[in-house]
Amino acid sequence: QVQLVESGGGLVQPGGSLRLSCAASGSIFSIYTMGWYRQAPGKQRELVAFITAGGSTNYADSVKGRFTISRENAKNTVYLQMNSLKPEDTAVYYCNLDLRTILVRKDFWGQGTQVTVSS
């Protein structure tokens, strides 16, 4: 059994910052790519950023230079530091982990955390 717990969402004014966390627990053998997605009302879920096991990162053009993804392997945790937030960043943010348990390798999703950017 694997559980992903997200935290750090909330309401912030334009130009503000938030830091999202996603911690995985359970029978985890290894974690490969870790990523963040978001879904705004009426829109499809989109990739925000990901980080590979080797530490390589990739960002959506809309967040480059404002968001930073990082991981702490000892804690099975991925972070998303979001700076200079804009109203268009408002969405539910989901973490996604490609990980292996003792039985299977598959993608696991967090429950989602709401980020609202508004004055």
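**Exercise 1.** Which residue lies over the face of F108, and at what distance from the ring centre?

*Solution.* Start with the rule: a charge sits over a ring if NZ of Lys or CZ of Arg is within 6 Å of the ring centre and within 35 degrees of the ring normal. K106 lies over the face of F108, 5.1 Å from the ring centre. Next, take Y32: R105 lies over its face, at 3.6 Å from the ring centre.

The model is predicted: local features need pLDDT of at least 70, side-chain atom pairs count only at pLDDT 80 or more, and totals for chains, interfaces and linings use all residues. Residues are numbered from 1 along each chain as its sequence is written, and side-chain values use heavy atoms, with hydrogens and water left out.

**Exercise 2.** Find the strands that pair with β8.

*Solution.* Strands are DSSP runs (E, at least two residues), numbered from the N terminus. Two of them pair if DSSP finds at least two bridges between them. Strand β3 (residues 18-26) runs antiparallel to β8, with six bridges. Here C22 stands opposite V78. Strand β7 (residues 67-72) also pairs with β8 in the antiparallel sense, over six bridges. T77 in β8 is the bridge partner of E72. Four residues separate β7 and β8 in their hairpin, and N76 in the turn has a positive phi of about 50°.

**Exercise 3.** Why is strand β8 largely enclosed by the rest of the structure?

*Solution.* Apply the cut-off: buried means under 20% relative accessible area (1.4 Å probe, protein chains only). Five of the six residues of β8 (residues 77-82) are buried, so the strand is largely enclosed.

**Exercise 4.** Sort the residues of β1 by face.

*Solution.* In a regular strand, side chains alternate between the two faces of the sheet. In β1 (residues 2-7), V2, L4 and E6 form the covered face. Q3, V5 and S7 form the uncovered one. β1 joins β3 antiparallel through six bridges, and E6 stands opposite C22.

Notes
Buried < 20%, exposed > 50% of the residue type's maximum accessible area, 1.4 Å probe, protein only.
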